[in-house]
Amino acid sequence: MRTAGILFILVCAASLFASSQVESGGNASAEIRALELEWSEGQARNDNRALDLIFDNGLVYVEYGKLITKGEYLLRVRRSTPSLQPSIFFEAMTVRTVGDTAIVVGTYREASLKGGRTMVQRWRFVDTWVYKNGHWMLVAAAAAPMAR
Amino acid sequence: MTTLFLAVLLAFAGTAAGYGHEARDSDTRSKIIALENIWNQAAEAKDLKALNAILDEGFVYVDRDGRLLKKADVLADVLASPPVRVSSEAMIVRLHGDTAVVTGVYQIKGTERGKPFVRRDRFVDTWHHKRGTWTSIASLTTPMGTSGY
C-alpha cells in the first residue's frame with residue numbers, strides 16, 4: 001500500500017516507464033504517468049506542498065482497507081519517520097482516459113521491515129484522476145493486496 | 001430481470017432542467033446510489049443485461065485478491081459464481097463534474113465448499129457521465145483493515 005507516512009521510498013523510475021503502457025489519451029497519459037511519479041517522489045521527500053498540488057481536496061484514499069481523506073493523508077506524511085518506512089517499487093501501469101477522467105491501473109511491490117525481516121507484498125492499484133482548471137488532480141486511489 | 005433493466009433505465013434518466021445546482025447534485029448522488037444498488041441486485045440475479053448497461057465497455061475491476069478483470073471477465077464471473085447475497089452500506093458519492101467516485105462497504109454472503117461465509121470489503125467505484133447516462137468505468141474492492149502481510 002502506498003502508505004501515508006512513507007518517508008523512504010525508492011521509486012524505480014526506469015522500470016515504471018519501461019513497463020508503462022499508454023492505452024489512450026496520448027499526452028494526457030504521459031502527463032498522468034509523470035504525476036504518479038511526482039506523487040511518489042513528493043511523498044519520499046515528505047513534500048506536502050507538492051502532494052497538496054496533486055491531490056484534489058475531495059481525495060478519497062483507501063489505505064489497508066481504511067478510508068482516509070486528503071487531510072489525514074498529509075498529516076500522516078508529515079508525521080512519518082524515515083527509518084521505519086517501507087519502499088515502493090512500481091511494476092506496470094496503464095492509463096485510460098475517458099473525457100476529463102483518467103483511470104490508472106497498475107501494480108507495485110512494497111517492502112517493509114517487520115520483526116527484523118524484510119517483507120514484500122505486491123499490490124494492484126486503481127487511481128482516478130480528473131482534469132480540473134487546467135490540471136489533472138487525483139480524486140481517488142485504492143489498492144488491493146495481490147494473492148501469493 | 002426485465003424489472004431490473006427498467007430500473008437501470010430509470011436511474012439513467014436525465015435530471016430535469018431548472019433544478020438548482022445543489023438539488024441537481026443531490027439528485028445525481030441519489031441516482032448513482034440507486035445504480036450501485038441495482039448493480040448488486042443484478043449480480044445476485046445474474047442479470048447480464050442490466051450489468052451490461054451499468055458497466056462501461058472499458059470497465060476494469062480489481063478484486064480483493066488483486067486480480068484485474070475486464071467487463072467480459074466480470075460478466076463471466078457473475079454467471080459462473082454460486083448464489084450470493086450482496087449489499088452495500090456507508091456509501092458516499094463525491095462528484096467531480098462528469099465523474100463520480102463512490103466509496104462504501106460491500107458485503108457478500110454465500111457458501112463456499114459447503115461452508116457459509118460473510119465477507120466485508122471496502123470498495124471504490126468510479127462512474128462517468130456520457131451521453132446522458134452514468135456508467136461505471138472502474139471498481140476496486142479490498143479487504144478491510146488488512147496490512148496484506
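Reader: How do you know what share of the contacts in chain A with a separation of 6 or more comes from residues 24 or more positions apart?

Author: The model is a predicted one. Two residues count as in contact if their C-beta atoms lie within 7 Å. Among such contacts in chain A with a separation of 6 or more, 60% are made by residues 24 or more positions apart. For chain B the corresponding share is 53%.

Reader: What makes a residue count as buried, and what percentage of each chain is buried?

Author: The criterion is 20 or more other C-beta atoms within 10 Å of the residue's own. By that criterion 41% of the 148 residues in chain A are buried, and in chain B 32% of 149 residues are.

Reader: Why is Asn46(A) called partly exposed?

Author: Asn46(A) has 18 other C-beta atoms within 10 Å. A buried residue needs 20 or more and an exposed one has 12 or fewer. The value of 18 lies in between, and therefore Asn46(A) is partly exposed. The residue is found in the loop between α2 (27-44) and α3 (48-54) of chain A.

Reader: Why is Arg131(B) called exposed?

Author: Arg131(B) has 6 other C-beta atoms within 10 Å. The limit for an exposed residue is 12 or fewer, so Arg131(B) is exposed. Its place is the loop between β5 and β6 of chain B.

Reader: What makes the phi of Asn46(A) and that of Arg131(B) worth a remark?

Author: Most residues other than glycine have a negative phi. Asn46(A) is not a glycine, yet its phi is positive, at about 60°. Arg131(B), likewise not a glycine, has a positive phi of about 45°.

Reader: Which strands of chain B are called edge strands, and why?

Author: Six strands of chain B form an open sheet in the order β2-β1-β6-β5-β4-β3, with mixed pairing. The edge strands are β2 (68-70) and β3 (85-96) of chain B, because each pairs on one side only. From one strand to the next, the twist averages 20°.

Reader: How do you know that β1 and β6 of chain B pair?

Author: Pairing requires at least two bridges. Four bridges join β1 (residues 55-62) to β6 (residues 133-143) of chain B, so these parallel strands pair. In β6(B), Ser136(B) is the bridge partner of Leu55(B).

Reader: Which helices pack on this sheet, and at what angles?

Author: Helix α2 (residues 21-45) of chain B touches β3, β4 (99-112), β5 (115-130) and β6 of chain B, and its direction makes about 155° with that of β3(B). Helix α4 (residues 71-80) of chain B touches β1 and β2 of chain B, and its direction makes about 95° with that of β2(B).

Reader: How many residues of chain A are in contact with chain B, and which element gives the most?

Author: In chain A, 32 residues are in contact with 32 residues of chain B. β6(A) gives the most to this side of chain A, with eight residues. By class, the side of chain A that touches chain B has 20 nonpolar, six polar and six charged residues.

Notes: Residues are numbered from 1 along each chain as its sequence is written. Chains are lettered from A and ligands numbered from 1 in the order in which they are written. This is a predicted model: local features need pLDDT of at least 70, side-chain atom pairs count only at pLDDT 80 or more; totals for chains, interfaces and linings use all residues. Helices (H or I, at least four residues) and strands (E, at least two) are DSSP runs, numbered from the N terminus. Ala, Val, Leu, Ile, Met, Phe, Trp, Tyr, Cys and Pro count as nonpolar, Asp, Glu, Lys and Arg as charged, and the others, Gly among them, as polar. Axes are lines fitted to C-alpha atoms, for helices over the stretch in contact, and angles run from 0 to 180 degrees between N-to-C directions.
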